[in-house]
Amino acid sequence: MAKNNSNYGSDLRKILWIWAVISIIVDVLFWFLVGPHMAPGRLTETAKNDQMDLNILMICALPVIVGVWTYWGWSLTHWGAKQNGPEPIGGPAARSNLKVQTWWIASSSVLVLALAIFGTLALIMDHGSGGGEGPNPVWMPDGPVTQVETAALNGTATWSPGKILPVQVIGQQWKFTYRYPTFGGFETQQLILPANTTIVFNVTSLDVIHSFWAYQLGVKADANPGVNDVAFTETKGTGNFEVRCSELCGIWHGAMYNSGAVVSQSTFQQWATSTQAATAANTALLPKFAWTYTPDANGAAGGYYPDGNLTPYSSVQVYGAKQS
Ligand SMILES: [Cu+2]
């Protein structure tokens with residue numbers, strides 16, 4: 001049986017010092033060398049906040065890893081049996097050791113509770129942190145969000161540089177469509193956004209549950225049929241981003257992705273105006289802009305919304321449509 005190590009206390013103090021020094025070095029190196037490159041980047045305010053949150057988590061996690069490795073390294077080099085050496089000596093048992101237990105429970109509780117408080121505050125202060133907040137967001141960014149949304153619904157909203165831009169995201173098996181109510185309500189497969197602009201995403205679905213995950217924008221919002229899920233972000237510089245469906249939604253879920261770009265405000269305005277003109281004939285066939293749409297049975301014929309059986313959709317009665 002192993003003897004008790006009388007040097008255990010001084011060994012622990014040495015381990016503690018090694019741990020503290022290495023932890024500080026690793027944290028500082030991480031913060032300056034890795035931190036600025038952490039996912040999901042810095043394309044929007046919400047992405048930057050996500051990056052900051054991940055960096056803070058790493059700053060907390062690295063000393064834990066270093067602590068485990070330091071203890072492991074010390075025990076390998078100092079407490080192991082050696083060939084022809086004396087019998088290995090063990091330290092006092094951790095089990096029922098009040099000091100060890102108290103420190104362990106206290107430090108892990110402080111760490112976990114502090115992170116829970118930090119996470120909750122980040123949700124409040126960052127207006128939902130780019131997550132879908134449902135139809136009635138509790139926290140909204142500065143600016144006339146409600147007026148913009150009402151004007152979008154009435155078809156009277158216009159956009160000019162500096163104003164809030166509402167964009168509707170419509171998920172369906174298996175693609176995303178984007179609708180711009182401030183530009184006549186045209187639809188497109190391309191998500192183009194202006195730089196340095198507050199964006200209000202209104203996310204919905206025509207069929208099953210999808211999830212709009214614009215990775216580099218730091219935005220992720222569920223797309224539920226019949227629900228207007230609102231998510232905010234504020235674009236910063238220009239750049240490209242990817243959009244993926246993040247909710248298993250059927251056989252081609254894995255193929256449900258596309259890409260988008262944040263461009264300068266003037267480039268965006270040119271793109272939106274020209275796309276509005278180019279798609280005018282299609283837009284005329286679309287239902288009026290609404291927060292949600294009920295799909296009908298005529299999807300195969302080209303119409304995918306309730307249309308009251310008006311031409312040019314179909315003369316066939318469909319479920320979900322009003323009887324005339
Ligand atoms: Cu999907």
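In the predicted model, residues 24 or more positions apart account for 66% of the contacts in the protein that have a separation of 6 or more. The protein has six helices and twelve strands, and buried residues make up 27% of its 324 residues.

The packing of helix 1, which covers residues 8–34, against helix 2, which covers residues 45–78, takes place at an angle of about 145°, with the two axes 8 Å apart, and the crossing by which helix 1 passes helix 2 is right-handed. On the side of helix 1, the residues that meet helix 2 are Asp-11, Ile-15, Ile-18, Trp-19, Ile-22, Ser-23, Val-26, Asp-27, Phe-30 and Trp-31; their counterparts in helix 2 are Asn-55, Met-58, Ile-59, Leu-62, Pro-63, Val-66, Gly-67, Thr-70, Tyr-71, Trp-74 and His-78. When the residues of this contact are sorted by class, 14 are nonpolar, five are polar and two are charged.

Helix 3, formed by residues 98–125, was examined for its length and its burial. After helix 3 comes His-127, for which phi is positive, with a value near 55°.

Technical notes:
Residues are numbered from 1 along each chain as its sequence is written. This is a predicted model: local features need pLDDT of at least 70, side-chain atom pairs count only at pLDDT 80 or more; totals for chains, interfaces and linings use all residues. Axes are lines fitted to C-alpha atoms, for helices over the stretch in contact, and angles run from 0 to 180 degrees between N-to-C directions. Helices (H or I, at least four residues) and strands (E, at least two) are DSSP runs, numbered from the N terminus. A crossing is left-handed if the near helix is turned anticlockwise from the far one by less than a right angle, and right-handed if clockwise. Two residues are in contact if their C-beta atoms, placed from the backbone, lie within 7 Å. Ala, Val, Leu, Ile, Met, Phe, Trp, Tyr, Cys and Pro count as nonpolar, Asp, Glu, Lys and Arg as charged, and the others, Gly among them, as polar. The expected span of a helix is 1.5 Å times one less than its number of residues. A residue is buried if 20 or more other C-beta atoms lie within 10 Å of its own, exposed if 12 or fewer, and partly exposed in between; C-beta atoms are placed from the backbone.
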